[in-house]
Amino acid sequence: MQAPHFTFLFITLIILDFGIRTWLNIRQIRHISKHALTVPEEFADCISLKSHQRAARYSLERLRLSQIEVFYDVLILLAFTILGGINWLFRAFSLDTEPSLIKSLVFIIVVQILLSALSLPFSIYKTFRLEQKYGFNRMTAGLFVKDTATNLLLSLVLGSILLIAILYLMQTTELWWLWAWLVVLGFMAVMMYIAPTWLMPLFNKFTPLEEGDVKNKIEHLAKRCDFELSGLFVMDSSKRSSHGNAFFTGFGKNRRIVFFDTLLNKLKASEIEAIMAHELGHFKHKHIIKRLATMVIGSFIFFAVLGYVSDKSWFYGGLGVTLPEHSAYHALTLVLFALVLPTFTFWLTPVNSRLSRRDEFEADAFAAKHSDANNLISALVKLYDDNASTLTPDPVFSAYYDSHPPATIRIQHLKGLKGAGV
């Protein structure tokens with residue numbers, strides 16, 4: 001392939017990416033607007049028209065902001081690639097004439113900081129304008145600054161360790177991409193293990209779930225499902241948002257179930273039990289293992305492709321970069337590949353979404369079998385209402401993006417399970 005051909009391919013994919021995203025957003029906006037005046041029949045008895053219309057307004061504002069962000073991201077991508085931003089930065093660090101491991105690392109860090117800074121206005125607007133407007137935000141400006149700084153510092157420290165290892169392998173080994181893949185897998189395994197006890201507490205406080213009806217029901221559920229609990233914890237999510245959730249984290253001895261404190265305040269014990277039965281369904285159907293296996297395979301493909309294009313002049317020339325005379329331009333390889341990868345993988349989104357929705361249906365069936373389906377239905381309805389989730393997504397938009405089944409279809413599925421005596 002020649003550089004002009006790759007440039008043409010890249011720009012074509014950017015245009016198609018932007019066009020598809022815009023078309024899907026327009027479909028979603030029109031569909032939600034069209035159905036904003038009537039609550040779907042499945043929810044007519046439990047969600048008011050006022051709440052339904054509030055959810056519609058919230059969804060529409062998020063979509064319109066998303067459309068602006070899509071256009072903004074395209075401009076940033078073009079500025080860093082075709083228009084020469086990365087090429088200029090590479091030379092500003094003298095990496096075209098005096099390459100070194102440390103300078104390469106600093107170059108990557110600066111690019112990451114610039115990208116983070118450029119995305120910051122949208123993060124601020126979402127938190128203090130959009131989420132605030134609809135009563136979800138509870139984060140102060142001070143906490144926002146603290147979270148942002150902690151995130152950045154943590155990313156720099158942990159990321160630098162990983163990047164130094166990868167850059168060193170790129171400089172010293174022939175099959176560096178294979179060894180880099182193995183290093184990344186090991187690094188991710190360590191992060192998954194230490195995150196619950198070392199990293200997550202940097203942002204939130206985790207306290208053991210108090211004795212009571214909720215804890216008793218969860219423990220009995222785990223015993224019925226032959227699931228060994230490693231710990232039940234409550235996270236103080238209410239200091240940042242009123243959205244409710246629960247999740248599993250870690251693995252082995254560090255595996256734990258974490259409840260948002262907002263969730264415990266919104267749902268009854270029997271409803272929380274049903275939500276946990278759904279989460280246990282993911283484990284029993286080995287969805288977590290399957291996703292990890294997919295991640296391992298996907299990361300292998302990622303590094304194999306990275307290794308293939310790393311010495312192809314058309315890859316760099318097609319993205320507006322002039323290669324130096326020396327061969328130590330590994331930082332350039334990593335930055336460019338990371339920048340353009342989403343443009344090439346966007347088309348996998350509906351496949352991932354479909355697989356995820358399939359898993360959700362299986363987990364719902366497990367929950368209906370090991371708890372009361374009515375409790376899961378009532379819990380989901382409350383969460384849809386409290387989180388201002390749209391009840392009327394466009395079918396095409398939902399099929400492309402949504403990792404969970406649309407509210408109406410999911411509730412109908414659960415009622416079907418209940419009727420079938422599952």
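In this predicted model, the largest cavity is lined by Ile47, Ser51, His52, Ala55, Tyr384, Asp385, Ala388, Ser389 and Leu391. Two elements, helix H2 (49–80) and helix H14 (373–386), each give two or more residues to this lining, and the largest share, 3 residues, comes from H2. When the lining of the largest cavity is sorted by class, it divides into 5 nonpolar, 3 polar and 1 charged residues. The space within the largest cavity amounts to about 40 Å³, and the count of cavities of 30 Å³ or more comes to 1. Empty space of this kind is shown by rolling a probe the size of a water molecule over the atoms.

Attention then turns to the pockets, which, unlike a cavity, are open sets of points. The second largest pocket has a volume of about 700 Å³, and of the 23 residues that line this pocket, those closest to its centre are Ile108, Leu163, Phe302, Leu334 and Ala338. Five helices, namely H4, helix H5 (141–172), helix H6 (176–199), helix H10 (287–309) and H12, each supply at least two residues of the lining, while H5 gives the most, with 7 residues. The lining of the second largest pocket is made up of 18 nonpolar and 5 polar residues, with no charged residue among them.

Two of the helices that contribute to the second largest pocket, H4 and H12, were also examined as a pair. The axes of helix H4 (residues 101–133) and helix H12 (residues 330–345) come within 9 Å and cross at roughly 25°. Because angles under 35 degrees count as roughly parallel, H4 and H12 are therefore described as roughly parallel to each other, and the crossing of H4 and H12 is right-handed. On the side of H4, the residues that take part in the contact are Ser104, Phe107, Ile108, Val111 and Leu115, and these meet Ala331, Leu332, Leu334, Val335 and Leu339 in H12. By class, the contact of H4 with H12 has 9 nonpolar residues and 1 polar residue, and charged residues are absent from it.

Note on methods: Residues numbered from 1 in each chain as written. Predicted model: local features only at pLDDT ≥ 70, side-chain atom pairs only at ≥ 80, totals over all residues. Heavy atoms only, no water. Axes fitted to C-alpha atoms, helices over the stretch in contact; angles between N-to-C directions. Helix = DSSP H or I, 4+ residues; strand = E, 2+ residues; numbered from the N terminus. Parallel < 35°, antiparallel > 145°, perpendicular 65-115°, else oblique. Left-handed = near helix turned anticlockwise from the far one by under 90°. Contact = heavy atoms within 4.5 Å. Nonpolar A, V, L, I, M, F, W, Y, C, P; charged D, E, K, R; others polar. 1 Å grid on protein atoms, 1.4 Å probe; cavity = no way out; pocket = protein on both sides within 12 Å on 5 of 7 lines; lining within 4 Å. Points joined across faces, edges and corners; volume = space filled by probe spheres on them.
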